[in-house]
Amino acid sequence: MTTPRLILVGEQNPHGSNPAHALYPHPRGCAGERLCRVVLGLREETYLRSFERRNLLTGTRWRTKEARSAARDLEVDLGPTPAVVVMLGNKVRMAFGMTLLEFFESAPDGHRYLALPHPSGRCTLWTDPANVRRAREALLRLAPHLPLGEADLSNAFAESNPPDYAAEAGGFVQ
């Protein structure tokens, strides 16, 4: 069985347009760091090695028409290789033409799509360990080889700058 490509898709990076910085786990407190450490519970090196990371747009203003075009382009780029596309937030989900459900899986064209709430600090869904657990379980159904929870940091999300993530662990443990 072929291991699918794993692609995280975010909105845009307000810190710059370099594609290498899409959902990057720095600076501290950014969406990429929350996704890596809190939602997925991964070590930074595992996160960077396991996922392709993309944003639909560059700049600081969301442009729906351009985001839809970028989502279509990404789907074309997927080609025939099996892929798991993790859409982060309502804006990204809508750009892909998906419904507004919080957690769901879909399989058009042989690729699997998973919609998750955005990992920004403004999204309070991630303060509930049950939501972290649901997200990890959903992703594990699509990519069972991922060591989700290896860093077990799920309760640290509520803190904007926790001094020690590991000391705050307590959600889902794989």
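Biologist: Why is Glu-33 called buried?

Modeller: Buried means under 20% relative accessible area, exposed over 50%, partly exposed in between (1.4 Å probe, protein chains only). Glu-33 has 2%, so it's buried. Mind you, this is a predicted model: local features need pLDDT of at least 70, side-chain atom pairs pLDDT 80 or more, while totals for chains, interfaces and linings use all residues. Side-chain values use heavy atoms, without hydrogens or water, and residues are numbered from 1 along each chain as its sequence is written.

Biologist: What makes Arg-37 and Glu-33 a salt bridge?

Modeller: The rule wants a side-chain nitrogen of Lys or Arg within 4 Å of a carboxyl oxygen of Asp or Glu. Their N to O distance is 3.4 Å, a pass. They're four residues apart in helix H1, so about one helical turn separates them. Helices here are DSSP runs of H or I, at least four residues, and strands are E runs of at least two, numbered from the N terminus.

Biologist: How do you know that Asp-77 and Arg-54 meet in one too?

Modeller: Theirs is 3.9 Å, N to O, and that still counts. Asp-77 sits in helix H3 and Arg-54 in strand S2, so the pair ties together parts 23 residues apart in sequence.

Biologist: Why is Asp-77 called partly exposed?

Modeller: Its relative accessible area is 49%, so partly exposed is the label. Arg-54, at 25%, is partly exposed as well.

Biologist: And what is Arg-63, buried or exposed?

Modeller: Buried, at 18%. Its salt-bridge partner Glu-66, 2.9 Å away by closest N and O atoms, is partly exposed at 42%.
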